[in-house]
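Keep the sequence and the structure in view as you go.

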Amino acid sequence: MNGTGAVVAVVALVAATAAGLVHRRRAGTVRRVSNDDGQTALLRDLGVPGGTVTLLQFSSAFCAPCRATRVICAHVAETVPGVAHVEIDAESRLEAVRALDIWRTPTVLVVDRAGRIAGRAQGTPTRAQVLAAVAPLLAAVAPTSADTSAADTSADTEKSPA
């Protein structure tokens, strides 16, 4: 091998390694996305329940990472109140795949209580990544009437003369 061939081989190896590392780092990471209210009807059609934070997973039949993602998302939905998991077969819902810009399986869309997409993960996220994605959406819940009346009572107590 001459000098030029060796340089080309080293450059190709470095480029392939860098691309692999970037892909590995990004796989499964939940990224925040801007809310698009225009997709709420489509999400409801896919079975996303209203009033809950939903992990909407797009899978395919022969996808091994999809099975691991299903286990993680289902476990989070079972253990965290206010979280649901819905799995969609990407091959049978191609119109939704195109409309939601799904490029690979598994892809998990994190849908907030209002039915808007708040996050997206391509690849298998870890349980910690899923929990970190749903936590702010669960914390953003408006206070219940019991919380409001308790706050009003404490405010009245502070205002009354001693």
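**Exercise 1.** Decide whether R116 is buried, partly exposed or exposed.

Solution. Start with the relative accessible area of R116, which is 26%. Buried needs a value under 20%, and exposed needs one over 50%. R116 is therefore partly exposed. Keep in mind that this is a predicted model.

**Exercise 2.** Find the salt-bridge partner of R116 and classify that partner by accessibility.

Solution. First, the partner: D112 forms a salt bridge with R116. Their closest N and O atoms are 3.2 Å apart. The cut-off is 4 Å, so the pair qualifies. Next, the accessibility: D112 has a relative value of 8%. That makes D112 buried.

**Exercise 3.** Trace the salt-bridge network that contains R93.

Solution. Begin with D45. Its side chain meets that of R93 in a salt bridge, at 2.9 Å from N to O. D45 lies in helix α2, residues 40-45. R93 sits in the loop between β3 and α4. The two residues are 48 apart, so this pair links distant parts of the chain. Together, D45, R93 and E95 form a network. D45 is exposed at 52%, and E95 is partly exposed at 44%.

**Exercise 4.** How many salt bridges does the whole structure hold, and why can such pairs form?

Solution. A search of the whole structure finds four. Side chains of opposite charge can pair when their charged atoms come close.

Methods
Residues are numbered from 1 along each chain as its sequence is written. This is a predicted model: local features need pLDDT of at least 70, side-chain atom pairs count only at pLDDT 80 or more; totals for chains, interfaces and linings use all residues. Side-chain values use heavy atoms; hydrogens and water are left out. Helices (H or I, at least four residues) and strands (E, at least two) are DSSP runs, numbered from the N terminus. Buried means under 20% relative accessible area, exposed over 50%, partly exposed in between (1.4 Å probe, protein chains only).
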